Amino acid sequence: MRQRQGLIALAFLAPALVCLAVLRIVPAISAVVESFYSESLLRGGRVFAGLSNYTDLLGSKDFRQSVGVTLLFTVLVNPIQVVVAFLLAVLFTQKAAGSKLWRTLVILPIATPPAVSAVIWSVIYRPDGLGNGVLERLGLPAQPFLTSSSQVLPSLIVLLSWIGVGYWMLFLIAGIQEVPVEVREAALLDGAGPWRRMVSVTLPLVRRPLAFVLVADTVSNLLVFAPVQILTKGGPNGNSNLLMYDVYNRAYALGDIHVAQAEVVILVALTLVIVAGQFRLLRGDQ
């Protein structure tokens with residue numbers, strides 16, 4: 001009977017396992033293997049290159065700049081998105097008039113593909129677009145946004161926060177709604193104000209969903225591609241050249257697929273290191 005149940009369970013899991021192997025495991029192994037090869041015009045095919053693709057990358061000024069831009073972007077965007085998502089989740093779980101309507105409006109960008117969102121914001125960021133129109137109404141000078149080396153990264157952060165905050169807010173709302181009503185009422189009877197209840201009651205009790213949001217948001221932001229490809233092409237002067245776009249540029253614009261595969265391996269390793277560090281810090285806090 002147990003053997004039969006096991007076979008039935010395996011039959012249900014088989015499609016997912018096949019998809020996992022074909023779409024994830026096999027490409028990952030292929031990327032690692034291909035990163036140790038290079039194309040040779042003299043030999044008319046690929047040849048084993050050892051670690052030369054990795055050493056070439058590490059010696060490349062453009063690659064080092066891309067790593068620095070990606071790390072800076074991650075350090076800035078993650079706290080902004082997580083904090084804003086948490087504050088909105090706390091706000092929209094209160095029983096107030098119009099909270100469901102505002103929650104729906106915040107969630108709406110989730111339904112828009114990132115490429116479409118990038119096109120929308122390209123219009124907003126135009127010199128004669130909505131962004132500068134608002135600044136003009138406020139009596140402020142027009143801003144270059146995507147063409148400024150100092151403003152391009154903050155402009156992308158605003159765009160990606162507009163896309164992502166509502167999504168991460170949903171997870172935190174679910175976590176806040178799991179907080180026992182008795183605990184909230186006890187804090188209220190003790191005279192705790194809204195800020196004290198949020199910091200001392202809500203925040204400690206939603207640590208698990210908050211930890212998930214932090215890790216998942218980090219991975220998501222390390223893999224940002226579409227907005228950069230559509231809006232900035234990594235410019236100006238490489239100041240928005242995130243690693244995922246740099247991989248695309250090396251593979252399809254420069255045609256160096258093996259170096260691009262090596263960069264993918266480095267990106268995955270970097271992501272694993274950052275996520276492992278986050279897990280370690282979160283476990284230490286608990």
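Domain bounds here come from an automatic or database domain assignment. That assignment gives the chain domain 1 (1–35) and domain 2 (61–283), and the C-alpha centres of domain 1 and domain 2 lie 32 Å apart. The structure is a predicted model, in which local features need pLDDT of at least 70 and side-chain atom pairs count only at pLDDT 80 or more, while totals for chains, interfaces and linings use all residues. Residues are numbered from 1 along each chain as its sequence is written, and side-chain values use heavy atoms, with hydrogens and water left out.

Along the principal axes, its C-alpha atoms fill a box of roughly 80 × 75 × 35 Å. The chain has 13 helices and 2 strands; these are DSSP runs, numbered from the N terminus, with helices being H or I of at least four residues and strands E of at least two. Of the 286 residues, 37% are buried, where buried means under 20% relative accessible area, exposed means over 50%, and partly exposed lies in between (1.4 Å probe, protein chains only). A contact means heavy atoms within 4.5 Å. Among contacts between residues at least 6 apart in sequence, 67% join residues at least 24 apart.

How do the two domains meet? In domain 1, 4 residues are in contact with 4 residues of domain 2. Together the domains bury about 390 Å², 63% of it on carbon and sulfur atoms; buried area is the accessible area (1.4 Å probe) that two parts lose on being put together, summed over both. Ala-31, Glu-34 and Ser-35 supply 88% of the area that domain 1 buries against domain 2, more than any other three residues. The count of salt bridges between the two domains is 0, a salt bridge being a side-chain nitrogen of Lys or Arg within 4 Å of a carboxyl oxygen of Asp or Glu.

Next come the aromatic rings. Rings of Phe, Tyr and Trp (its six-membered ring) pair if their centres lie within 6.5 Å; planes under 30 degrees apart count as stacked, over 60 as edge-to-face and the rest as tilted. By this rule there are 13 aromatic pairs. One of them joins Tyr-167 and Phe-171, whose ring centres are 5.2 Å apart and whose planes stand at 80°, so this pair is edge-to-face. Both residues lie in helix α7 (residues 152–177), 4 residues apart, or about one turn of the helix. Phe-171 also pairs with Trp-168: the centres are 6.0 Å apart and the planes are at 35°, so this pair is tilted. Trp-168 and Phe-171 are 3 residues apart in helix α7, again about one helical turn. Tyr-167 is partly exposed at 36% relative accessible area, and Phe-171 is partly exposed at 29%, whereas Trp-168 is buried at 7%.

Elsewhere, ring pairs link Trp-121, Tyr-125, Phe-145 and Trp-162 into a cluster. Trp-162 is also one of the contacts of Ser-117, along with Thr-112, Leu-159 and Ile-163, once neighbours within four places in sequence are left aside. Ser-117 lies in helix α5 (residues 114–124) and is buried, at 0% relative accessibility. Finally, Arg-46 lies over the face of Tyr-37, at 4.1 Å from the ring centre; a charge sits over a ring if NZ of Lys or CZ of Arg is within 6 Å of the ring centre and within 35 degrees of the ring normal.
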